[in-house]
Amino acid sequence: MNDEMKEALALLGVGERSSLREVRKLFREKIFTWHPDRCASTPEECREKSREIIAAYNKVVSYCENRHIDFSRNGNEDEMWEDPAEFWKKRFGSDPVLGG
């Protein structure tokens, strides 16, 4: 993970192993706190902080989407729906229940 991503996570207050649901929740809390209509600071400071939070959130979400892992099997349709006992025999050489 690069330094930009670590900064984005720190800005959002999220750990490196947080789920996307946690990221969204903390983003909503932060953006609610720094929204220009609700913020106690100057409006310009609130707008700037809101932009930073939105940019950090977008960076984290795009990173997560780009790191998508494909768990699909490579092979034909017949392989994907084979009999579990046949799969076991091919994989380990014998049937676990019948021993044959």
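The legends below describe close-up views of a predicted model.

Local features are reported only where pLDDT is at least 70, side-chain atom pairs count only at pLDDT 80 or more, and totals for chains, interfaces and linings use all residues. Residues are numbered from 1 along each chain as its sequence is written, and side-chain values use heavy atoms, with hydrogens and water left out.

**View 1. The aromatic pair of Phe27 and Tyr57**. The structure holds 1 aromatic pair, where rings of Phe, Tyr and Trp (its six-membered ring) pair if their centres lie within 6.5 Å. Phe27 and Tyr57 are stacked, at 4.1 Å centre to centre and with 20° between the planes; planes under 30 degrees apart count as stacked, over 60 as edge-to-face and the rest as tilted. Because Phe27 lies in helix α2 (residues 20–34) and Tyr57 in helix α3 (residues 43–66), the pair ties together parts that are 30 residues apart in sequence. Helices (H or I, at least four residues) and strands (E, at least two) are DSSP runs, numbered from the N terminus. Both Phe27 and Tyr57 are buried, a term for under 20% relative accessible area, with exposed over 50% and partly exposed in between (1.4 Å probe, protein chains only).

**View 2. The largest nonpolar core**. A nonpolar core is a set of buried Ala, Val, Leu, Ile, Met, Phe, Trp, Tyr and Cys residues joined through side-chain atoms within 4.5 Å. Among the 13 residues of the largest one, Leu12, Val23, Phe27, Tyr57 and Val60 touch the most other members. Two or more residues of this core come from each of α1 (3–12), α2 and α3, and the largest share, 5 residues, is that of α3. Leaving aside residues up to four places away in sequence, Phe27 touches Leu12, Ile53, Ile54 and Tyr57; contact means heavy atoms within 4.5 Å.

**View 3. The disulfide between Cys39 and Cys46**. The structure holds 1 disulfide, defined as a pair of cysteine sulfur atoms within 2.5 Å. Cys39 is joined to Cys46 with an S to S distance of 2.3 Å. The torsion about this S-S bond is about -80°, so the disulfide is left-handed. Cys39 and Cys46 are both buried.

**View 4. Surroundings of Trp34, with Lys49 and Ser50**. Lys49 lies over the face of Trp34, at 5.6 Å from the ring centre (NZ of Lys or CZ of Arg within 6 Å of the ring centre and within 35 degrees of the ring normal). Ser50, a residue of helix α3, counts as buried because its relative accessibility is 7%. Not counting residues up to four places away in sequence, Ser50 touches Ile31, Trp34, His35 and Pro36.
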